[in-house]
Structure formats: C-alpha cells, structure tokens
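Please read the points below with the sequence and the model at hand.

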Amino acid sequence: MEVRVAGVRKEFSRFPALHNISLDIRSGELIALLGPSGSGKTTLLRLIAGLETPTEGTIYFGDEDASHKTVQERNVGFVFQHYALFRHMTVAENIGFGLKVRRRAIRPSKQEINRRALELLDLVQLKGLEKRYPAQLSGGQRQRVALARALAIEPRVLLLDEPFGALDALVRKELRRWLREIHDKTGHTTVFVTHDQDEALELADRVVVMSQGRIEQIGTPDEIYDNPNSPFVYGFIGESSALPVRVEKGEVWLADRTIGLKATDVPDGDAQLFFRPHDVDLLGDCGGCLVGTVITSRRSGAKRRVELEIGGARNRVEIEIPADHPATDKSRLAFRPRYWKVFAKNG
Ligand code: ADP
Ligand code: MG
C-alpha cells in the first residue's frame, strides 16, 4: 500500500468538507477521484499532499503516519488546473527547477539537471521546445511541461487536480490518452481529480466516486458503470432512467401493475427502478412489462431516442430504439430493461 487514508474527517471552521474517508491507494495505480463540484475532491487531494491536516483520522505513506509531514517530506508531485509555470524561465529551466530546489545530500550538477530535463521533455513529447517560454506554448503543451516538472522530483505520489480542466474537449481527450501512456511507462502512483465521468472511466484503474464529502463507491470502471451501488452513482455515471416503483414480496410494481421484474434483495415498500436507456428490449405484447406513451422522439446517432410517460404525468424516462422504428407522438411502446437495479427509498 502506498497511501492509506484512514477515517479522515476535515472541517473548515466547523463546516464538514469530508466525513470519515477511508481509502487505500496501491503502489503504481492510477486512481481517479470523481464527483460533482463541491464534493470534496480537492480537499482530499490536498490532505494527501500535506497542504491540509486532517481534523480527525490518519494519512499513512507506506507504514508511516504522514498526517503531520510537510509536502517536501512526503515527496509528492503536483499538477493543477491552472498551473503557474515560471514565465521568465524557459521550458527546460521550469522542469529543472524542481531538481535544483530539491533537498538532496548531493546537489545534482548543471549537466545532470539539463540531461534529466531533456529526458523528461522527451517523455512528455515536447522535444525541441526546451528553449521556449511558457507564453509561446499552447495550453496543452503547458500542462505537459507542468507534468514534466512534477515528475522531475521523482515523486512518491503524483497528484493531479483537474489538470486538463481548462483545455478544450479535443485536447483533453488527447491528453487523457497521453497521460495513461506516460503512467504506464513510469508507473507512478497517481491520484487524478476530475468531475468528468468519461475522463475517470477511460483513464483510471480504479474510480472513487464522491458526493457531499463522502465516498459513494470505489471500484474499477467496469464495476462502477455496470454495478452502481446507489441511486447517486447510477445517476452520475453514464446515462440512466429512473422510475418510482414499489416492491412487494420481491415483485416490482409500478402504480397498479407488476412489470415483470424481480427485486428479491430489496425490502417491501417504496423504491426506485434504474436502468440505462440503451439497455432495453422492445416488446410487441405486454403482460407484465413497462408501457409508455411517446412524448418526444428524435434521431440520436445510429438510434432513435424517445421520451416516454409511464403510469403518470410525472414519470418520464428515455429509451433508445432502432432508428427505423415507426414511433410517433402519442404512440404506445412496451419494453423491459435488460439490466436494471432497484434501490429502496431511503435505504
Ligand atoms: P471539489 O474539489 O470536489 O469541488 P472541494 O474539496 O474544493 O470540492 O470543496 C469541498 C467543500 O469544502 C466545498 O463545500 C467547499 O466550499 C469547502 N471548502 C474547501 N476548501 C475550503 C476552505 N479553505 N475553507 C472553507 N471551506 C472550504
Ligand atoms: Mg476541486
């Protein structure tokens, strides 16, 4: 285990930003902290870095209690969304800076620093740009330099707080793949903060889903997407449709009809049914399934998206059907989700 966050709570003048967070980060893994704005991602990252101290709980680096160690003692590397490169330093000098200030028994020579800076430039694919100044670089290139600078100190843990957040969508996507490649080459234990679920799912070995200062779920991208363990995670990751239902003796009811789904692990009472719009089977005839009235219908890529009203004006869901399906306004569609999950209300 590289980093262990054990029962950490963080308050800012009585405001609880994090409640009882426990998380093990394995050596060499790339972990994403994913959640909406204000969920506590940055606070958790700053606690791991040593920029904040926990109100309660402990942060271990290896077997050592690092809760009160400084950033330097923890030897972490950082990249932030708006990383301030030194404007008056060239790319090579910016990267070398980390090496120069690093406390070491033997200070590296000028040549050594230069050699290492060029090596890192090669790694982040910016060879040839070493003499440029930050103002002469694109946003994406600057973040590559920032990463090279963070890597220059050979950090024990690399911490990235929405590093691509300020860049446009295309560059973000490219840098995402690139970061994964760099990670696979260098093997640094990395914690990556993002509010973008695609970014987290594509990039990370494991995803930590956060909401309101709590960890909702930890799992591989497949586990998180295929088996969300709460209504929040189901709604936050991927697309979902939800309906208020009732469970009686393991059968799922919508209004006064059973809908042909079982929920044997859910206690009797009010519940919520979740499914993915693209994971449904249309049925011709329906004795025990979902039946809805088409409210809107629009082409969406290779498919057609319809919004349906089911068993009451407030119950609307979206499903995906074949593009050539003759669904028009007010037509009735019968379907059943292929994969679904039922969550007890307040459970
Ligand atoms: P995220 O990075 O997920 O957007 P943050 O960790 O920045 O979330 O913030 C979590 C909560 O803690 C927010 O409600 C935020 O306003 C609060 N918070 C963060 N830092 C401070 C601070 N220094 N002082 C007071 N409140 C803070
Ligand atoms: Mg943040």
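1. The largest cavity is lined by Leu147, Leu151, Leu158, Leu179, Ile182, His183, Thr186, His188 and Thr190. Two elements, helix H5 (139–152) and helix H6 (169–186), each give two or more residues to this lining, and H6 has the largest share, with 4 residues. Helices (H or I, at least four residues) and strands (E, at least two) are DSSP runs, numbered from the N terminus. A cavity is a set of points, on a 1 Å grid over the protein atoms alone, where a 1.4 Å probe fits but cannot get out, and its lining residues have an atom within 4 Å of a point.

2. The model is predicted: local features need pLDDT of at least 70 and side-chain atom pairs count only at pLDDT 80 or more, while totals for chains, interfaces and linings use all residues. Residues are numbered from 1 along each chain as its sequence is written, chains are lettered from A and ligands numbered from 1 in the order in which they are written, and side-chain values use heavy atoms, with hydrogens and water left out.

3. The volume of the largest cavity is about 50 Å³, where a volume is the space filled by probe spheres set on the grid points, which are joined across faces, edges and corners. By class, its lining has 5 nonpolar, 4 polar and no charged residues. In these classes Ala, Val, Leu, Ile, Met, Phe, Trp, Tyr, Cys and Pro count as nonpolar, Asp, Glu, Lys and Arg as charged, and the others, Gly among them, as polar.

4. How many cavities of 30 Å³ or more does the structure hold? There are 2. The second largest cavity has a volume of about 40 Å³, and its lining consists of Val79, Gln143, Leu147, Leu160, Pro163, Phe164, Trp178 and Leu179. H5 and H6 each supply at least two residues here. The class count for this lining is 7 nonpolar, 1 polar and no charged residues.

5. For the protein as a whole, there are 9 helices and 20 strands. Its C-alpha atoms fill a box of roughly 80 × 45 × 35 Å, taken along the principal axes. Of the 347 residues, 48% count as buried; buried means under 20% relative accessible area, exposed over 50%, and partly exposed in between (1.4 Å probe, protein chains only).

6. Which residues are around ligand 1? They are Phe12, Phe15, Ala17, Pro36, Ser37, Gly38, Ser39, Gly40, Lys41, Thr42 and Thr43, a residue being near the ligand if one of its heavy atoms lies within 4 Å of it. By class, this shell has 4 nonpolar, 6 polar and 1 charged residues.

7. Several polar contacts (pairs of N or O atoms within 3.5 Å; within protein, one must be able to donate a hydrogen and the other to accept it, and residues adjacent in sequence count only if both atoms are side-chain atoms) deserve attention. A polar backbone atom of Gly40 is 3.0 Å from an oxygen atom of ligand 1. For an N or O atom in the side chain of Lys41, the distance to a ligand 1 oxygen is 2.8 Å, and for a polar side-chain atom of Thr43 it is 2.6 Å. Taken alone, ligand 1 exposes 560 Å², of which the protein buries 60%; these areas come from the Shrake-Rupley method with a 1.4 Å probe, and for residues only the protein chains shown count as cover. Strand E2 (15–25) and helix H1 (41–49) are the elements that give two or more residues to the shell, and H1 gives the most, with 3 residues.

8. H1 is mostly covered, with 7 of its 9 residues buried: Lys41, Thr43, Leu44, Leu45, Leu47, Ile48 and Ala49. Just after H1, Gly50 takes a positive phi of about 100°. Ser39 belongs to the loop between strand E3 (30–34) and H1. Ser39 counts as buried because its relative accessibility is 1%. A polar atom of the Ser39 side chain lies 2.7 Å from the backbone oxygen of Pro36.

9. Most residues other than glycine have a negative phi. Asn20, which is not a glycine, has a positive phi of about 40°; Asn20 is in strand E2 and is exposed, at 58% relative accessible area. Gln125, also not a glycine, has a positive phi of about 55°. Gln125 is placed in the loop between helix H4 (110–123) and H5, and its relative accessibility of 45% makes it partly exposed.

Definitions and conventions: 1 Å grid on protein atoms, 1.4 Å probe; cavity = no way out; pocket = protein on both sides within 12 Å on 5 of 7 lines; lining within 4 Å.
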